[in-house]
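We'll take a walk through it, a stop at a time.

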Amino acid sequence: MSTLIFATNNQHKVDEIRTVLNNSFSIITLKEAGIDIDIPEPHNTLEANASEKSKVIHQLTQQNCFSEDTGLEVEALNGEPGVKSARYAGDTRDFQKNIDKLLLNLEGKNSRTAQFRTVISLILDDKEYLFEGICKGHITKQQTGEKGFGYDPVFVPEGSKKTFAEMTTEEKNQFSHRRKATDLLIQFLQQHGTH
Ligand code: IMP
């Protein structure tokens, strides 16, 4: 089984992706690889930020690695918070403040349609490959549930009545953007004989 470094410091993302992987390949986190850096996300697109993260870690380690960047795109807010999802309410990256701002900005809007979009950047043998996963749904009026992270308490995916924060990791993975992008990554790695 091959091993890839997953360029993130977000343990929730690691847990979600590890649940999907089965035995296709294994991942080690930045912490497990002994790397202690806060990787920058300076760009205007998820694609560019994901690329930046995997390239920084590849330069540092010279090893195959991947990263992901995710945004919540809300129709009535012209796609915001989007690439700014982590810092929507300020640089402290406070999940609760971000949710409060989102619910406030959606007050009185007719549409609460939204989607999560994940872009994975893989660097394999010095070449980069991108994979995308989208989960459509809507933003609730009130937050519900304690599980997950970020905007999970206010996002209900299409085909469910529960918010992501009311779901176990396995349930969230039946719907999630990250799961869909990871499936494409797994398929690609299997086709390239690296598993
Ligand atoms: P990142 O820049 O990819 O780490 O993610 C940006 C922000 O989007 C995070 O800080 C979370 O607030 C939010 N986010 C990313 N993925 C999810 C998810 O699966 N559920 C809820 N919120 C998420």
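In which helix is Gln-190 found? Gln-190 is found in helix 5, where helices are DSSP runs of H or I with at least four residues, strands are DSSP runs of E with at least two, and both are numbered from the N terminus. Before going further, some ground rules: this is a predicted model, so local features need pLDDT of at least 70 and side-chain atom pairs count only at pLDDT 80 or more, while totals for chains, interfaces and linings use all residues. Residues are numbered from 1 along each chain as its sequence is written, and side-chain values use heavy atoms, with hydrogens and water left out.

Back to Gln-190. With a relative accessible area of 38%, Gln-190 is partly exposed; buried means under 20%, exposed means over 50%, and partly exposed is in between, using a 1.4 Å probe and protein chains only. Gln-190 and Ser-24 sit 166 residues apart in sequence, yet their C-alpha atoms are 7.6 Å apart in space.

Ile-28 and Glu-41 are 13 residues apart in sequence, but 21 Å separates them in space, C-alpha to C-alpha. Ile-28 counts as partly exposed because its relative accessibility is 28%.

Now for the ligand. The ligand sits in the largest pocket. On a 1 Å grid over the protein atoms alone, a pocket is an open set of points with protein on both sides within 12 Å along at least five of seven lines, and a molecule sits in one if more than half of its atoms lie within 2 Å of its grid points. Strand 3 (65-74) and helix 5 (177-191) are the elements giving two or more residues to the shell around the ligand. Strand 3 supplies the largest share, three residues.

Who surrounds the ligand? There are 16 residues around it, the closest being Lys-13, Asp-152, Lys-172, His-177 and Arg-178; a residue is near if one of its heavy atoms lies within 4 Å. Sorted by class, the shell has seven charged, five nonpolar and four polar residues. Here Asp, Glu, Lys and Arg count as charged, Ala, Val, Leu, Ile, Met, Phe, Trp, Tyr, Cys and Pro as nonpolar, and the others, Gly among them, as polar.

Next, the polar contacts, meaning pairs of N or O atoms within 3.5 Å. A polar side-chain atom of Asp-152 is 2.6 Å from a ligand nitrogen. The side chain of His-177 has an N or O atom 2.8 Å from a ligand oxygen, and that of Asp-69 has one 3.0 Å from an oxygen of the ligand. Taken alone the ligand exposes 480 Å², and the protein buries 93% of that, with areas from the Shrake-Rupley method and a 1.4 Å probe.

Strand 3 also holds Ser-67. Ser-67 is buried because its relative accessible area is 0%. A polar atom of the Ser-67 side chain lies 2.6 Å from the backbone oxygen of Ala-50.

Last stop, the backbone. Asn-78 lies in the loop between strand 3 and strand 4, and has a positive phi of about 55° although it is not a glycine. Asn-78 is exposed, at 76% relative accessible area. Further along, the peptide bond from Glu-80 to Pro-81 is cis, with omega near -5°, and Pro-81 belongs to strand 4 (residues 81-82).

Technical notes: Polar contact = N/O pair within 3.5 Å; in protein donor to acceptor, adjacent residues only side chain to side chain. 1 Å grid on protein atoms, 1.4 Å probe; cavity = no way out; pocket = protein on both sides within 12 Å on 5 of 7 lines; lining within 4 Å.
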